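Subject: Structure handover

Hello,

I am passing this structure on to you, with notes on what was found in it. Please look through it first and then read on.

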Amino acid sequence: MKKFTFTLTVILIFLFNQGFSQLATSAHDFTNGDAWNTNTSNKMCGVCHTPHNANTSVAEAPLWNHALSAVATYTLYGTGSATLDATINQPSSVSKLCLACHDGTVALDNGPLSNATMIGTVSASSNVGTDLSGDHPISFTYNDALATADGGLHPTTTTVSGMGGMINADMLFGAGNDQMECSSCHDVHNSANIAGLLLKTNTNSELCLTCHDK
Amino acid sequence: MKPNLLIIFFLLNFYISKSQSIINTVHNMSVSGFGDIKSSNESEICIFCHTTHQSDPKTPMWNRNTKGVSYILYNSSTLTATAGQPDGSSILCLSCHDGTIAPGNIKSRKSEIDFGMSKRSFKSSKSNLTTDLSDDHIISIMYNSSLAFSDGQIKEPSSLNSGVKLENEKIQCTSCHNPHKNTYEKFLVASTKYSELCLNCHNRNYWETSIHNTSQAKWNNKGTSPWKDSKYITVSENACENCHTAHNASSEEYLLLSKTEESNCFSCHNGNVDSKNIQQQINKPYSHNVYGYYLNHKPNENLPVTDKHVECQDCHNPHSSKTNKADAPYLNGANFGTTGIDINGNEVKTAVYEYEICFKCHADSPNKSNNNISRQIDQTNVRLEFNTSNPSYHPIASSGKNPTISGLIYPMNESSIIYCTSCHASNGENSPAGPHGSIYPNIMKYNYSTTDNTPESYNSYELCYKCHDRNTIIYGETNNFQKLVHKKHIVDLKTPCSVCHDPHGISYLQGNSTNNSGLINFDINVVSPSNGNLKYEKTGNYRGSCYLTCHGKTHNPKSYN
C-alpha cells in the first residue's frame, strides 16, 4: 500500500508538473466558482473525466464523464472550395468530446455523475455551433498521400512538428495517426500555456505552417 | 565529413523551403514581414487573411472584412465572355488590393491590427488595383469549352497545364497568382518569360510564327526603353508584354501598355529596337496618320470600314506579323493575319493579297475624300478602278489588258503584277516598305507631278519612270506614237502624265475599251470638250484619235497613227 501511495504520488506530481499546472487559471479551469459547476468533489477534472464508469462510446475517449452532443449531422467545411482535396467527415473521435461542450447544444454541467442541473453553456466566442463550415475542417484523413495530392500541405511522416516528433505522431489521431481533430491544434489541458489553448505557439503562424506548406 | 555534409544539406533544405514560403514574401504582413506594408506588432502571418473559426467566406477560412464595393468591369470589343462583379477568391484578394480596406481590418480581432501610419496602405503602388477594374485582366468569368469555342483565340480549358488553375470553372485572381508562393515574381504561377503564363490560356492565331514571338532584337539603349518595367531584354522574351499588361493598363480596353495603340508600336518601331524607323515615316507630311485616331480600329470591326480611321492594326496584325517577303499580289509577312475585302467586295477573314487590305477603306467605305484630280470619269472606289473586267487598269489584281507596253523596265513585263505599295509607299530609297508616310502627296514613293505646265524631267515623273523607261516613252523609235504623243505633250507642252492617264484604272461600269484603253481618262481641269466631244478613240495598236480642247488647241479629231 505504501508502495502504491508512493507511486501514485509520483504520478500525480509528474502529471501536475507536466500538464495540470497549466490547466489552472486557463479557460478550462472550472474551479473558479462558475455557478454551473455543481461538482463538489472534483471541480478541476470532473467536468470531463471520471475514474469510474466512464462513457466509452467514443473511441480514444479518456475516462470520459461529460454527456455527448446528440447532434449527428454537422454542417461540414468545404462547400464551394476549389482547393480542398481532403474528404471531410462528420466529427468523430476526440473531436466529439470537444463538441460535447463547444457545439453549444449540451449544458456544461451535463455530466452523468454530476447531477446535472442543465445550466451553463459555452460563451459565444467559444461556441462553434453545429455549422462547422466556417471552421477549420476536422475529422479527415491527413496523410502523405493527401499532402502529395494537395501540394500545399507538408507530408505527415517526414515533417517535424516542432514538438519532438513528426506531425503524424505529435498531432494526428486514430489508429493510423492520420486523423486531423480539434486536438491537432488545441491542447485542452493547456500544456504549452498559450492563449487559445494551442498545442504550440502560433507566433509567425508557426502552428498553421507546421502542416500548411505556404 | 559526413555530418558536415548532412548539416549543409539541412541548411540548404531549410533555405530552399523558406525561400519558397509565404514567410519571405510581401504577403507576410506580420511584424516579421518583408514588404513595405507590415504590422508594427502582430506576430501571426496567416491571420491577415485566414482564421480557423468563424470564417467568412467559409472557404478558404476567410478572416477579412469586405465592403461590398461595386467595381467598374473590364470590357472590350473582342470580349466574348460575360463579365460580372468579382466573386470567388477574387473578392478576397480585392479586400486588400482595391485599396479600400486597411490590411489590419480582420474579423478575428476586435480591433484593427496596428500597421503604423506609414505602412497601412498601397499609396500609388501597382498593387493597388482600385475599384476600377476596367484596366485589369478580366476575372470572375466562366472559362469553359463553349467560351473557348465561341472566342476561338483561347485554349480549351481542359488543356490547361499545372500552372494556371480555374476556380470552379472560373478565371479568378488565383488563376495567375498564388498568394502563398512567390516562385515567380508577383506571386505568378508561371514564368512571364516568352509569356509562358499568358499562353496557358491565350491561343492567338499564328502567334507561334510571329516575329513578335521569335525576334531576338534588343533595345539599342537610345531614347526610352520599351521594356522599362520588364526584366527581359528581347522582343521574344517580352512577348505579349511588349504591348500588353495585365494590370493598370494605360489603354483600359485591350490592356495596352501605352494609351494610344501607335505608342505601343513606336516604342520599338522607332529605330531603337527594330532598325526600321516607322515613326519617322508617319511623321512625314503625307501619311496614314495613325496619330489622328484613338483605338478606333476594332479587330472584329465590320468591313468595309465605315468609321473613317487608320491605326497600325488596320494593316498589321501584331499577333501574326512575320518578316517574309512575298511577290505581288501576295501580301508580305508584315501584313499577315489581317482582314480584307477581295476584288469582288467580299470580306475575307485573312487577307491573301495586299490590295485586299487597302480595299477595307479605299473601296466601298463611305465618306472617302474626293479625288485630287477631277476626271471625265470620276470614281473613288479603288476596288472598281482595279476590277479585272475594266478596259484598262494598273496590274494590281491581275496582269494588265495591254499586251504591248513599250518601255517597261526589266524585270517588268506585260504580265507583271504590282502592289498598291509599288507606287504608294514611304519615299526614300532606304525607307521601310509600305505606305506609312511620304513627302509626296498621296503617299507616293517618288515624285509624281500632276500640275499642268510642269517642265519635263526625270524627277517630275520619277514615279512613272521607275517602270516606264523615260527614253523609250518620249523618244522611242518603236513607233511614231511615242514621239507624236508623249514627247509632244509631256516635253514640248509640259503636260503631266496625269492629264491623259488615270493611273488606277477605269471601271467597266463607266468606261469602255474604245475610249478608255491605256488608262485614258482626262483631267477635266486641263482638257475640255470640243464641239461637245471629249474623248479618245482607239483605232488600233498605238493608233487613235482625240476629240477635245487642250492648252488652247482643238482636236476635232486629232489622229495619231
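In chain B, the centres of domain 1 and domain 2, taken over C-alpha atoms, are 38 Å apart. Domain 1 covers 207-275 and domain 2 covers 312-560, with bounds that come from an automatic or database domain assignment. Nine residues from domain 1 of chain B and eight residues from domain 2 of chain B make the contact; two residues are in contact if their C-beta atoms, placed from the backbone, lie within 7 Å. On the domain 1 side, helix H5 (211-214) and helix H7 (261-266) of chain B each supply at least two residues, and H7(B) gives the most, with three residues. Helices (H or I, at least four residues) and strands (E, at least two) are DSSP runs, numbered from the N terminus. That side of domain 1 of chain B has four nonpolar, three polar and two charged residues. Here Ala, Val, Leu, Ile, Met, Phe, Trp, Tyr, Cys and Pro count as nonpolar, Asp, Glu, Lys and Arg as charged, and the others, Gly among them, as polar.

This is a predicted model, in which local features need pLDDT of at least 70 and side-chain atom pairs count only at pLDDT 80 or more, while totals for chains, interfaces and linings use all residues. Residues are numbered from 1 along each chain as its sequence is written, and chains are lettered from A and ligands numbered from 1 in the order in which they are written.

The model scores ipTM 0.83 and pTM 0.85. Chain B averages a pLDDT (the predictor's confidence in each residue, from 0 to 100) of 91, and 95% of its residues score at least 70. Over residues 10-18 of chain B the pLDDT is below 50, and this stretch has two contacts in the model beyond near neighbours in sequence.

Between the chains, 19 residues of chain A are in contact with 20 residues of chain B. The chain A side consists of six nonpolar, 11 polar and two charged residues.

Also in chain B, strand S10 (residues 535-540) and strand S11 (residues 543-550) pair in the antiparallel sense over five bridges; pairing requires that DSSP finds at least two bridges between two strands. Glu537(B) has Ser545(B) in S11(B) as its bridge partner. The two strands form a hairpin with two residues between them, and Tyr542(B) in the turn has a positive phi of about 55°.

In chain A, leaving aside neighbours within four places in sequence, Leu97(A) is in contact with Val58(A), Ala61(A) and Trp64(A).

Regards
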